[in-house]
Amino acid sequence: MKKISLFVSVLVIALSGVFMSSCDSNYKTVKRMQKMEEGVDNPTTKEELEEAIKKYDKRAIDLVTSQAQVGIWYKILGTRYLDEQMYYEAYAAFDKARLTYPSNANIYYWMGICAGFMSNSVLEYDIDGRRDESLSQKKLNYLRLSEQAYKRALELNPKYYRAMYGIGVLYVFQLEEYEKAIPYLENFVEVQKKNTDGMFVLANAYACTGELDKAAALYDRIISINPNKEKTARAAAGKKKVLDTKASR
């Protein structure tokens, strides 16, 4: 797998120097290639202009096709890195793919996953056990980057249930912004009616915001689905906990 990743990395880097440059650079490349390969320099007559347009159109199509392929390779490279849990490298590859495919919801979803894991790599304390505020801010920045990526994925595809679940988990377990998680997770369990993982996260959000009856009802729903012994037992324990909390108030 690592050999494949290295091969793809080298291939992408080599090609990206030609095809992932700025629009101005692309234009100059096209113009230079036309002069060298097709003999188009400074057309003046109507006939020369018409012939030059035909040749430039063909070269432009070739360039677009090549750049699209590089974008695909960056997506493949990102998934290879993601498989290897190399989240910084994966994020960088997906970010390059995003420049070619800015309306691809999958890319933003993957970026959200990577940024969430990148936050976990930040240690907020130094070697002497003192909290480093700059590192704490760095960790938060990664989490906000993850949030932004998930939101963008959902803007592009409001029915993207994986992004609903991803941002729900982010809000509940990493940012602890439970109220923000609830609408996303409610939409998720409405679409994925038997996905008990999402139900557990939503029940947690309900409990943390004081909506204990909703949490208990959701645990009942998990129990009725009876996914497996471990999850059913977990749901029963969760229901007991929220009911005990309600009774103690």
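In this predicted model, the side chain of Y125 makes a polar contact with the side chain of R131, at 3.3 Å. Y125 belongs to the loop between α5 and α6. With a relative accessibility of 47%, Y125 counts as partly exposed. Apart from its neighbours within four places in sequence, Y125 is in contact with R130, R131 and D132.

S136 is located in helix α6. Its relative accessible area is 11%, and S136 is therefore buried, the limit being under 20%. The side chain of S136 makes a polar contact of 3.0 Å with the side chain of E124. When residues up to four places away in sequence are not counted, S136 touches E124 and R131.

**The chain as a whole**

The protein chain contains 11 helices and 0 strands. Of the 249 residues in the chain, 37% are buried. The accessible surface comes to about 14700 Å², and carbon and sulfur atoms account for 56% of that surface. Among contacts between residues at least 6 apart in sequence, 53% join residues at least 24 apart.

The mean pLDDT of the chain is 84, and 75% of the residues reach 70 or more. Over residues 1-23 the pLDDT is below 50, and this stretch has 28 contacts in the model beyond near neighbours in sequence. Where pLDDT is low, the predicted coordinates should not be read in detail.

**Aromatic rings**

A pair of aromatic rings is described by the distance of the centres and the angle of the planes. The count of aromatic pairs in this model comes to 9. One of them joins Y88 and Y142, whose ring centres are 5.9 Å apart and whose planes stand at 85 degrees, so the pair is edge-to-face. Y88 lies in helix α4 (residues 87-100) and Y142 in helix α6 (residues 133-156), so this pair ties together parts that are 54 residues apart in sequence. Y88 is partly exposed, with a relative accessible area of 38%, whereas Y142 counts as buried at 14%.

A further pair is formed by Y109 and Y150. The centres of their rings are 6.1 Å apart and the planes are at 50 degrees, so the pair is tilted. This pair also links distant parts of the chain, with Y109 in helix α5 (residues 105-120) and Y150 in helix α6, 41 residues apart. Both of these tyrosines are buried. Ring pairs link Y109, Y150 and Y160 into a cluster.

| Charged residue | Ring | Distance of the charged end from the ring centre |
|---|---|---|
| K75 | Y101 | 4.7 Å |
| R152 | Y108 | 5.8 Å |

Most residues other than glycine have a negative phi. E176 is placed in the loop between α7 (161-174) and α8 (178-191). Its relative accessible area is 53%, and E176 is exposed.

A positive phi is also found in N226, near 50 degrees, and N226 is likewise a residue other than glycine. The place of N226 is in the loop between α10 and α11. N226 is partly exposed, with a relative accessible area of 48%.

P227 is found in the loop between α10 (212-225) and α11 (229-247). At 34% relative accessibility, P227 counts as partly exposed. P227 and T196 are 31 residues apart in sequence, while their C-alpha atoms are 7.5 Å apart in space. Leaving out residues up to four places away in sequence, P227 touches T196, I222 and T232.

Methods. Residues numbered from 1 in each chain as written. Predicted model: local features only at pLDDT ≥ 70, side-chain atom pairs only at ≥ 80, totals over all residues. Heavy atoms only, no water. Helix = DSSP H or I, 4+ residues; strand = E, 2+ residues; numbered from the N terminus. Buried < 20%, exposed > 50% of the residue type's maximum accessible area, 1.4 Å probe, protein only. Contact = heavy atoms within 4.5 Å. Areas by Shrake-Rupley, 256 points an atom, 1.4 Å probe, with all protein chains shown as cover. Phe/Tyr/Trp six-rings, centres within 6.5 Å; stacked < 30°, edge-to-face > 60°. Lys NZ or Arg CZ within 6 Å of the ring centre and 35° of its normal. Polar contact = N/O pair within 3.5 Å; in protein donor to acceptor, adjacent residues only side chain to side chain. pLDDT = per-residue confidence, 0-100.
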